[in-house]
Amino acid sequence: MGDRLEFTVLGPLEVRSEAGPVPISGQRQRTVLAMLLLSPGRVVSVDSLVEAVWDDRPPATGRTQIAICVAGLRKTFKAAGCADDVILTRAPGYLLLPQAHDIDAREFERQLDQAQRLEQEGQYAESVRAFAAALARWRGPALSGVSGRFAESAAARLEELRLTAYEQSAALRLAEGEHRELIGELTGLLRQHPLREQVRAHLMLAQYRSGRRAEALESFREGRSLLIDELGLEPGKVLRELHEAILADDPVLTPVPVAKPAVRAEARVVPAQLPPSTARFTGRTAELSTLDGLVPWSGKGSVLPVGYLTGMPGVGKTELALHWAHRVAERFPHGQLFVDLCGHDRDRAPLSSSEVLAGFLRALGVADAELPVELGERAALYRSLLAGKRVLVVLDNAASYAQVRPLLPGTRECCVVVTGRDQLPELVGGASSVRVRLKPFSTEESVDFVRRALPVLAPENAAELAELCDGLPLALSVATTRLLAKPHWSVERLVRMLTDERRRLDELSCDERGGLRAAFESSYQRLSPEAARLYRGLGTLDVPHFAAWVGAALLDCQVPEAEAWLEELLEANVLDVERSTVDDSVRYRLARLPRVFARERALVQEAPLERTAACERAFAAWLELAGAAAELAEGAATVATDQLGRWLSQEEIAALAENPLRWLEIEHEALHAVVHQSTGMGLVLYAWNLATCAQKLDGALAS
């Protein structure tokens with residue numbers, strides 16, 4: 001792949017692409033990159049990065065300079081051919097995505113874990129090979145070229161891992177009879193680390209078993225002198241006992257062939273990995289019926305059945321998938337596999353397909369030693385094991401089709417259900433696949449959810465609480481859980497807190513994974529800068545629905561550009577689209593809770609003057625169009641269309657000229673909302689002129 005990068009920290013800090021070295025300029029960038037590389041897939045706070053770069057003497061502009069360093073790294077990686085972001089912004093700092101890239105320290109620790117598991121299973125020769133592969137990744141002292149206390153501490157930790165790994169490997173090789181081959185290696189290592197007692201013990205044993213008894217005793221004497229001179233200590237128990245055994249020619253030192261136990265056959269347990277579904281599941285009758293059509297042996301279709309559940313954050317995709325999966329689990333006698341792919345997780349990087357396949361293969365009875373290394377080989381083995389079996393696979397929280405594709409079985413006897421927020425059109429293109437786009441609960445379903453959780457609640461209180469949660473199952477779940485956890489609270493108290501928009505997301509973001517704000521944040525972070533800016537602008541408007549030209553006014557751009565960013569918001573499921581009941585034109589709608597979050601981000605990221613200017617541009621566009629409609633409604637033969645052409649196509653201008661009252665009927669609610677909002681903002685001129693236009697149009701419509 002042209003965008004694959006290799007990061008090395010086990011030696012000089014370096015980055016390589018397929019085209020060659022990727023230069024990292026400046027000590028600060030190197031330190032920031034090293035911090036992110038040593039925590040791959042985890043968020044590193046800005047404060048930690050500031051401390052790593054400047055130790056105890058950070059400048060006042062430290063946080064800004066960290067942002068500049070990250071921007072520089074992103075630019076460098078893109079110049080090296082990386083189309084996708086390598087470093088993501090994740091509160092309270094940054095996260096480096098390890099997928100599709102090689103990080104030698106990460107692979108080193110993974111291979112160490114594999115070597116230790118193999119040793120525990122009695123597969124000693126395989127363990128030695130795994131240790132050797134891990135140690136071969138080192139090219140010199142760790143983090144060479146990176147300065148500071150952080151680098152020294154991290155390098156010391158990695159070096160300790162390396163030495164411990166070598167000691168474990170040497171013990172296995174001694175048991176395998178490789179004493180002669182080890183003498184030279186151990187002698188060189190001991191010169192670098194003369195106080196390392198375990199290395200000295202291995203060297204003494206290798207020398208003794210090679211018939212060099214005098215050298216083994218001399219190694220002990222040298223070590224004892226060093227320990228006394230340097231530390232004032234006698235050698236430890238291991239060295240003392242080994243010394244005594246060598247003096248006595250104890251037979252216990254004679255190498256004995258290791259008795260390798262027979263490899264234990266893995267228990268072939270039928271996987272049942274589905275997490276529990278909540279007892280409060282409500283509604284979704286039509287969606288469940290659609291999913292029921294996927295059950296493969298109903299005789300429908302000849303290829304793998306796939307169901308894709310999508311929708312806005314917090315709408316209940318995972319819960320629906322789990323509820324249906326439990327309902328049909330008995331139809332899949334060979335097991336049920338489940339994984340959270342972390343595709344939209346705020347604090348964790350998306351899982352790689354290779355990691356997921358390793359977990360699935362283990363669940364299907366494949367031992368670690370038998371796991372293929374390459375992704376393609378793992379996928380092929382996975383499909384082979386599932387061939388002819390009835391297995392249900394639930395892939396929750398998918399990031400992309402590329403992540404999901406290797407996890408799809410190859411036969412129609414299995415069934416796959418995927419949840420995610422993006423469109424993934426490649427996933428559901430066949431006759432045996434379905435897409436279910438979840439909408440928020442209806443008022444009746446929301447009230448039913450609340451009453452199931454709180455059966456003693458009065459119907460009117462349940463309805464009020466349900467309305468404030470905007471029909472989102474996640475919001476309803478957090479709200480009802482809070483009342484259950486705080487029996488001394490009245491529902492009126494929680495309703496009062498939720499009524500304040502400034503507190504609403506705080507009160508609905510109190511579960512263990514961050515609640516509603518975290519769900520919105522994870523989608524927001526994936527937006528392009530322009531789409532994010534448009535989302536923030538829409539959050540500042542109070543209109544119930546709007547046309548594409550409103551987005552153009554907010555961004556001060558052409559309508560086709562705005563339509564592209566609106567499509568991105570639709571694909572990210574933070575915006576809804578509908579057809580006007582008047583003329584079937586496209587209208588966009590931002591639900592209340594996503595609007596609250598968008599407004600929060602606007603308050604944090606944009607200056608008051610920027611927010612006001614964006615609103616004024618939108619109000620001016622409404623005023624311009626409403627004025628033209630009012631003139632036409634009063635009998636004007638034509639209106640100046642040069643300005644209107646900025647907002648409307650020629651077809652839309654012609655439709656407005658033909659029937660201006662139809663335009664009013666479509667924009668009626670929005671116009672009155674804009675009058676109210678502009679009044680509240682103190683924009684009296686806009687409020688007065690828009691109210692005048694609306695009044696004229698209302699009068700014309702009434703007559």
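This is a predicted model: local features need pLDDT of at least 70, side-chain atom pairs count only at pLDDT 80 or more; totals for chains, interfaces and linings use all residues.
**View 1. Helix α13 and what sits over its buried side.** Helix α13 covers residues 353–363, and its buried residues are S353, V356, L357, A358, F360 and L361. An α-helix has 3.6 residues a turn, so residues three or four places apart point the same way. After α13 comes G365, with a positive phi near 100 degrees.

**View 2. Helices α11 and α12 packed against each other.** Here α11 (residues 285–292) meets α12 (residues 317–328) at an angle of about 55 degrees, and the axes are 11 Å apart. Because of that angle, α11 counts as oblique to α12. The crossing of α11 past α12 is right-handed. On the α11 side, the contact is made by E287, L288, L291 and D292, while α12 brings in L320, H323, W324, R327 and V328. Sort the residues of this contact by type and you get five nonpolar, one polar and three charged.

**View 3. A four-stranded open sheet.** The strands line up in the order β3-β2-β1-β7, with mixed pairing. The edges belong to β3 (20–21) and β7 (102–103); each has a single partner strand, so one side of each has no neighbour in the sheet. Zoom in on the β3 end: β2 (residues 14–17) and β3 run antiparallel and are joined by two bridges. Within this pair, S17 stands opposite G20 in β3.

How values were computed. Residues are numbered from 1 along each chain as its sequence is written. Side-chain values use heavy atoms; hydrogens and water are left out. Buried means under 20% relative accessible area, exposed over 50%, partly exposed in between (1.4 Å probe, protein chains only). Axes are lines fitted to C-alpha atoms, for helices over the stretch in contact, and angles run from 0 to 180 degrees between N-to-C directions. Angles under 35 degrees count as roughly parallel, over 145 as roughly antiparallel, 65 to 115 as roughly perpendicular and the rest as oblique. A crossing is left-handed if the near helix is turned anticlockwise from the far one by less than a right angle, and right-handed if clockwise. Contact means heavy atoms within 4.5 Å. Ala, Val, Leu, Ile, Met, Phe, Trp, Tyr, Cys and Pro count as nonpolar, Asp, Glu, Lys and Arg as charged, and the others, Gly among them, as polar. Two strands pair if DSSP finds at least two bridges between them.
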